[in-house]
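Dear colleague,

I am passing on a structure that you have not worked with before, and I have set out below what was found in it. Please keep the sequence and the model open as you read.

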Amino acid sequence: MSPADDGTTVRAAGCVLWRPAPPDAAPGLELCLAHRPKYDDWSHPKGKLEPGEDPLAGALREVAEETGYAAEPGVELPTVRYPVNGRPKEVRYWAAAAGTGVFVPSDEVDRILWLAPEAARARLTRPRDRALVDALLATRPPGGPGAH
């Protein structure tokens, strides 16, 4: 039995959402960060899975709910594990290219920012989220969007 199946682990999923940088910016990509007023933090879009929900489907649902953008999933990124209120939490992440969408503020996410990777890394509240920026950049082909 894996830790995610033991009934005590909080299961969640999300994406490191990216898009090509606009023409007037430096070549590369931008990452979407979500601001959650409840925690006053900046993070990658993510959320708890519904009972029996497929993690990738949940990640895409959460991205759409929190950012307003459809997402085209890419490679799976490292799973992040940490304690929350005395319980283990496991968050599975995917790299995802942003599709069409429009952000609408909500009680859960009141702002999003599209930032270059270095600026996103600096803005993220938690170090564990910064490691996901590096993991995403490691998946980008040399010379492609986001290559350095």
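Asn85 counts as exposed, because its relative accessibility is 79% and a residue is called exposed when that value is over 50%. Please bear in mind, here and in what follows, that this is a predicted model. Asn85 is placed in the loop that runs between strand 5 (69-84) and strand 6 (87-101), and its phi is positive, at about 50 degrees, although Asn85 is not a glycine.

A second residue with a positive phi is Asp40, where the angle is near 45 degrees and the residue is, again, other than glycine. Asp40 belongs to the loop between strand 2 (29-36) and strand 3 (41-43), and with a relative accessibility of 57% Asp40 also counts as exposed.

The remaining findings concern Gly14, which is part of strand 1, a strand made up of residues 10-20. Is Gly14 buried or exposed? Gly14 counts as buried, because its relative accessibility is 0%, whereas the cut-off for buried is under 20%. If its neighbours within four places in sequence are left aside, Gly14 is in contact with Pro45, Lys46 and Ala59, and also with Val91, Arg92, Tyr93 and Trp94. As for Gly68, which is 54 residues away from Gly14 along the chain, the C-alpha atoms of the two glycines are separated by 14 Å.

With kind regards

Terms used. Residues numbered from 1 in each chain as written. Predicted model: local features only at pLDDT ≥ 70, side-chain atom pairs only at ≥ 80, totals over all residues. Heavy atoms only, no water. Helix = DSSP H or I, 4+ residues; strand = E, 2+ residues; numbered from the N terminus. Buried < 20%, exposed > 50% of the residue type's maximum accessible area, 1.4 Å probe, protein only. Contact = heavy atoms within 4.5 Å.
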